[in-house]
Amino acid sequence: MPAGSSTTISPESWAFAEAYLDEDHILGRARQRAAEVGATPIGQGGGAALRLLAAALGARTVVEVGTGAGVSGLYLLSGMHADGVLTSVDIESEHQRLAREAFTEAGIAANRTRLIAGAALEVLPRLTDGAYDLVFCDGDKTEYGDYLQQALRLLRPGGALAFDNALWHDRVADSAQRDPETVAIRELGRLVRENDDLVPALLPVGDGLLAAVKRPD
C-alpha cells in the first residue's frame, strides 16, 4: 500500500463529502416536512449520488419506492432528462401529498410525476417490463429482496438500480446483528453481488447506497 494511504475515512472527511453539494431551500423545506411526519428520506450525499446516476443514464423513466416527502424525487428529477417522468410509489398518501407540494414549489410540471399510493409489492408488478432507466428503493427494508426481483424485471438493459440504507446504521457490517431488517439488507447485498447480470458497487454515502447497472443483453 502506498505510504500515506488509508483504508478508512475520518468522520470529518465523511461529513465534508456529505455536505460537498449544498441543498437549496426547496430541498430544505422538503426535509423539514418529512421530519414533521416521521419520514426519513435519503441523505444529502445519497441524494447527490442519485442525481448523478439519473444524469449519467440520461434517465427518462424512473421508479422510486418510498416517496420520502419528495426529497429523493427532487434529486432524481433534477438529474433526469427534461421530459423524464418519475413514478413514485408509497403506502403513505400523506407523504405523497407532501412530495407533490415539494414538486410544485420546485416548478416541476405535473406531467413529470406519477404518484401511486399503495403497497410496493402490489403496485410494482403492474408496471411494464424493461421500461425503466432507473429504479430506486427506500421502502420496507424486509421487502428489499422482493424489490430487487421487481427492479430486475422493470429495468432496461443498461439501466441501474439503487437501494438506500444499505449499511443500515452500521448494523449490516456487524455479523452479530440479526434483526429482520439487517438480515434482509445483508441478504440483498449478497444477491446483488452474486448476480452475474449486474455490475454493483456499495457506496459509503449517507447510510449506504447499494447501486448496480444491469448488463446489456
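Visitor: What makes the contact between Asp138 and Lys141 a salt bridge?

Guide: In this predicted model, the side chains of Asp138 and Lys141 come to 2.8 Å, N to O. A salt bridge requires a side-chain nitrogen of Lys or Arg within 4 Å of a carboxyl oxygen of Asp or Glu, so the pair qualifies. Both Asp138 and Lys141 are buried.

Visitor: Why is Arg33 called buried?

Guide: The relative accessible area of Arg33 is 11%, and buried means under 20%, so Arg33 is assigned to that class. Arg33 also forms a salt bridge with Glu101, at 3.5 Å from N to O. This pair links distant parts of the chain, 68 residues apart: Arg33 belongs to helix H2 and Glu101 to helix H5.

Visitor: Why does Glu101 count as partly exposed?

Guide: Glu101 has 34% relative accessibility; the class lies between the limits of 20% and 50%, and therefore Glu101 is partly exposed.

Visitor: What makes the pair of Arg153 and Asp129 a tie between separate parts of the sequence?

Guide: Arg153 and Asp129 form a salt bridge, with the closest N and O atoms 2.4 Å apart. Arg153 lies in helix H7, whereas Asp129 is in the loop between helix H6 and strand S4, so the bridge ties together parts that are 24 residues apart in sequence.

Visitor: Why is Asp129 classed as exposed?

Guide: Exposed means over 50%, and Asp129 has 52% relative accessibility, so Asp129 is classed as exposed.

Definitions and conventions:
Residues numbered from 1 in each chain as written. Predicted model: local features only at pLDDT ≥ 70, side-chain atom pairs only at ≥ 80, totals over all residues. Heavy atoms only, no water. Helix = DSSP H or I, 4+ residues; strand = E, 2+ residues; numbered from the N terminus. Buried < 20%, exposed > 50% of the residue type's maximum accessible area, 1.4 Å probe, protein only.
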